[in-house]
Amino acid sequence: MRAPARRGATPPAGFRAILASALAQIEANAPFAGGDDAEFLHQLRVGVRRLRSALQAFRRVLPRKPRKRLVRALRGVTPRLGAARDWDVFAAWLESAGAPALLLAKARVERANARRRARQALGSRAWAKAVVQ
């Protein structure tokens, strides 16, 4: 999803457009990110990365305290989403490569653990306070 570009838009207006787009992507995928379809987790992670990038790019025009609070909350969830995505990709690669059953089973266990940690992060108070509300 792309934020609309408008000629003559102010930096705060540009940030609001990017914010709306990133939050829409996060909200659309977060409820399903803990399921079996890895694409929801991937799209959620993309939305979070876009939001973090926007916060960084517009840091000079945003109020400092709310921006820092949101950055901290996103920083807390990002590594867990990344680890879950990494295990999704690795397990899929092992499956397609015809990896030995024991290795594939271990990767699936690690993937399940990483997804559980990602779900926990998405259920945290910090995440809810920062992104959901």
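Predicted model: local features only at pLDDT ≥ 70, side-chain atom pairs only at ≥ 80, totals over all residues.
The lining of the largest pocket sorts by class into 10 nonpolar residues, four charged ones and no polar ones.

**Overall fold**
- Followed along the sequence, the chain reads α-α-α-α-α.
- Taken along the principal axes, the C-alpha atoms fill a box of roughly 55 × 30 × 20 Å.
- Of the 133 residues in the chain, 33% are buried.
- If you look at contacts between residues at least 6 apart in sequence, 59% of them join residues at least 24 apart.

**Helix H1**
- Helix H1 runs over residues 11-29, and its 19 residues should span 27 Å at 1.5 Å a residue. The C-alpha atoms at its ends are 27 Å apart, which agrees with that expectation.
- The buried residues of H1 are Phe 15, Ala 17, Ser 21, Ala 22, Gln 25, Ile 26 and Asn 29. Because they cover an arc of only 165 degrees around the axis, they sit on the same side of H1.
- A handy reminder for reading such a pattern: an α-helix has 3.6 residues a turn, so residues three or four places apart point the same way.
- Turn to the face of H1 that points away from its buried side and you will find the exposed residues Arg 16 and Glu 27.

**The largest pocket**
- The volume of the largest pocket is about 280 Å³.
- Its lining consists of 14 residues, and those nearest the centre of the pocket are Pro 66, Arg 67, Arg 69, Leu 70 and Ala 130.
- Three helices each supply at least two residues of this lining: H1, helix H3 (64-97) and helix H5 (125-132).
- Helix H3 gives the largest share of the lining, with six residues.

**Ala 126 in helix H5**
- Ala 126 is a residue of helix H5.
- Its relative accessibility is 44%, and Ala 126 therefore counts as partly exposed, a label that applies between the 20% limit for buried and the 50% limit for exposed.
- Ala 126 and Asn 29 are 97 residues apart along the chain, and 18 Å separates their C-alpha atoms. Asn 29 is one of the buried residues of H1.

Terms used:
Residues numbered from 1 in each chain as written. Heavy atoms only, no water. Helix = DSSP H or I, 4+ residues; strand = E, 2+ residues; numbered from the N terminus. Expected span 1.5 Å × (residues − 1). Buried < 20%, exposed > 50% of the residue type's maximum accessible area, 1.4 Å probe, protein only. Arc of directions from axis to C-beta. 1 Å grid on protein atoms, 1.4 Å probe; cavity = no way out; pocket = protein on both sides within 12 Å on 5 of 7 lines; lining within 4 Å. Points joined across faces, edges and corners; volume = space filled by probe spheres on them. Nonpolar A, V, L, I, M, F, W, Y, C, P; charged D, E, K, R; others polar. Contact = heavy atoms within 4.5 Å.
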